[in-house]
Amino acid sequence: MRDTASGPRVLLKRLRELMQEPLEPQERLDRIVRDIAANMVAEVCSLYVLRADSVLELYATEGLNPKAVHLAQLRLGEGLVGTIAASARPLNLSNAQEHPAFAYLPETGEEIYNSFLGVPVLRAGRTLGVLVVQNKTMRHYRDDEVEALETTAMVIAEMIATGDLARLTRPGLELDLRRPVSFTGLSFNEGVGLGHVVLHEPRIVVTNLFNEDSDEEIKRLDASLGSLRLSIDDMLERREVAFEGEHRQVLEAYRMFANDSGWVRRLEEAIRNGLTAEAAVEKVQSDMRARMLHMTDPYLRERMSDFDDLANRLLRQLMGRGPDDVAASLPKDAIIVARSMGAAELLDYPRDKLRGLVLEDGAATSHVVIVARAMGIPVAGQMRGAVSMAENGDAIIVDGEEGAIHLRPQPDLEAAYAEKVRFRARRQEVYRELRKKPSVTKDGVQVDLLMNAGLAVDLPQLAEAGAAGIGLFRTELQFMVASTFPRAEAQERLYRDVLDAARGKPVTFRTIDIGGDKVLPYFKDTIQEENPALGWRAIRLTLDRPGLLRTQIRALLKACGGRELKLMLPMVTELGEIAQAREIIDREVRHLSRFAHHLPTSLKLGAMLEVPSLLFQLDELMKAVDFVSVGSNDLFQFVMAVDRGNTQLSDRFDALSTPFLRVLKQIADAGVRNQTPVTLCGELAGKPISAMALIGLGYRSISMSPASIGPVKAMLTELPLAELETFFDDNLMAPVQGLPMRALLQAFADDRSIPL
Ligand code: PEP
Ligand code: MG
């Protein structure tokens, strides 16, 4: 009996030598198939490679007619080879000609061979080709032989992926792997980025593929599996809020998988066949992914992504890869492609090299997207399948306007986008020019355009965008990207940096708005909630944990010594909450003055208007505070009863519809009536058409992401405000009928050549 462990090992060793020899690609392939045939005692070994036109072309053969190389071809799904490629599963047949899919290719002379074993050439779950061995005798290939051929196929996948075979393609044809592909999903942040793919999760490299010593490698695998299991147990035991509910189920599933003996056995088998532990993880994962690719059951697909995550964690353990290595090897025009990502992970990449972000999952309001927006990089999300189609270094375009990506774009598409980027740059130039102009409407009414911020990385944008100040500083972002509660000194330092960067321009700090979708994993007290958006969040939470609020207020008071402090409270529902917060602030002021601290020159306290209950006590609200800031993201979700993070519903209702515009007008009117300044700081302020509507309704101060200031100012300076006010007088209070309000506003702008 043949030594089942050493057979594949000998072959892999031979392949490693072949990969290192300075050979022409065809010669290398010819030798590979010859060696496989010899090692597996097969009369035939052939390699078919999948082309971009969905045809499998014979690239090399030992045993079949050599003249058929590069001529014999099968369509995807056609014949045995096409069936293997389409299903991504091996076929092991003792009498191939009896199989219903058998298709005879006369040029190959294969009719004399009876037994057939074919395996898909897979990479990251994607089929790149098919590797076949055949024998004249009717025999059934053993499981270890199937396994050996699969492992060999992985080496070939690496060759295809590294572009080694590209020179063998005939002119006008391309390998499937190099095929340009486009995906459409959702736009999470505007802008266009051209650059090269950087896969966020590690993928193995060829130098890492073959092991020197299986036993050592299995020990390494066991150690990493051990730490992986421990870290999962640890997370489960800590019972942190982020790991409650669904997250907990996912972790339980991880624990189950990490202890799954089938998985571990397959990993060990792949190592015994000669792979490194990393390569084994990749192989087992790739096989599994390919098999699951065709499943439509959402539950199973979800579990697959859990498994993917787990495999990636294991790879990271094995490779001991830190963020520094990533930064060093980054191209200067990096576009990060990830299944999903935490906000802090994005900050590990150097900003000056980032040109875009592509996510398979995520929502426009997920933390990583908020951070990316603050950094001003285009983001496209919900790009299912992008990770397995992309290779490190591939050219890629992120279109954050259309919510699309183009992988390996054709030259004409790339040229069109390069033109688009130049056009945007010219437009940016126009916006830069606009910075010097006063922020007034065409008929001379002043409107302050402020920016939203939340991290130190945002600060340079203040000058670049020409903002009149910071209308919303989301202090919770500092908490969200940290792994423990930021200490009082760190908070104070950030607030001081913000004020220094603002150079006397107004800054409105919002007290931490956590809870809801903004979870701090290290905050032990958070509870599991049925409806987190309506739950224990923002001012509700900080009033119940006054220690948190006190520390923050003290840091703010100290940082603002000698300057004005503008402070606002998120998610106010009733006026009593403002009074309670004011008491805490007063106490802190008294405390600091007792110790002779330098206090702010003035303190303005505002409330965010995000909860509809305040709409029915507008006058009382206006009297209770120094200013009001409308949080239109939350206000819209509560007025319309539509979850702001639900992509299914994101286009269903329009904030520029009559009812919501009437709400916004009532607020602006109440501000005027009570002489209380009103501003608006939700996403609505950042789109020129909705900003135009807000100004028409009476808003004289709006706050938006820095990138929006240029386009909004371009609109503002062309806006004849008096005409828009008349338009609203005629249309807003009239019964709802005819064209939707958005269309009317668009027509208003078009008629007057207002750039939107
Ligand atoms: C809002 O709700 O509009 C707002 C500005 O706050 P956030 O988006 O941080 O909830
Ligand atoms: Mg809000």
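## Reading a ligand shell and the cysteines

Visitor: Which residues come nearest to ligand 1?

Guide: Welcome! Bear in mind that this is a predicted model. Of the 14 residues around ligand 1, the nearest are Arg474, Arg510, Glu610, Asn633 and Arg644.

Visitor: How do I read the shell by class, and how many residues of each class are there?

Guide: Sort the neighbours by side-chain class. The shell around ligand 1 has seven charged, four polar and three nonpolar residues.

Visitor: Which backbone atoms lie close to oxygen atoms of ligand 1?

Guide: For polar contacts, look for N or O pairs within 3.5 Å. A polar backbone atom of Asn633 is 2.7 Å from an oxygen atom of ligand 1. For Asp634, the corresponding distance from a polar backbone atom to a ligand 1 oxygen is 3.0 Å, and for a backbone N or O atom of Ser632 it is 3.1 Å. As for cover, ligand 1 taken alone exposes 290 Å², and the protein buries 99% of that.

Visitor: Which elements give two or more residues to the shell?

Guide: They are strand E16 (470–474) and helix H22 (632–639). H22 gives the most, with three residues.

Visitor: Let's turn to the cysteines. How many disulfides are there in the whole structure?

Guide: Here the idea is to look for two cysteine sulfur atoms within 2.5 Å. A search of the whole structure finds zero disulfides. Take Cys560: its sulfur is too far for a bond, because the closest cysteine sulfur, in Cys681, is 18 Å away.

Visitor: Is Cys560 buried or exposed?

Guide: Cys560 counts as buried because its relative accessibility is 0%. Cys45 also counts as buried, at 0% relative accessibility.

Notes
Residues are numbered from 1 along each chain as its sequence is written. Chains are lettered from A and ligands numbered from 1 in the order in which they are written. This is a predicted model: local features need pLDDT of at least 70, side-chain atom pairs count only at pLDDT 80 or more; totals for chains, interfaces and linings use all residues. Side-chain values use heavy atoms; hydrogens and water are left out. Buried means under 20% relative accessible area, exposed over 50%, partly exposed in between (1.4 Å probe, protein chains only). A residue is near a molecule or strand if one of its heavy atoms lies within 4 Å of it. A polar contact is a pair of N or O atoms within 3.5 Å; within protein, one must be able to donate a hydrogen and the other to accept it, and residues adjacent in sequence count only if both atoms are side-chain atoms. Accessible areas come from the Shrake-Rupley method with a 1.4 Å probe; for residues, only the protein chains shown count as cover. Helices (H or I, at least four residues) and strands (E, at least two) are DSSP runs, numbered from the N terminus. Ala, Val, Leu, Ile, Met, Phe, Trp, Tyr, Cys and Pro count as nonpolar, Asp, Glu, Lys and Arg as charged, and the others, Gly among them, as polar.
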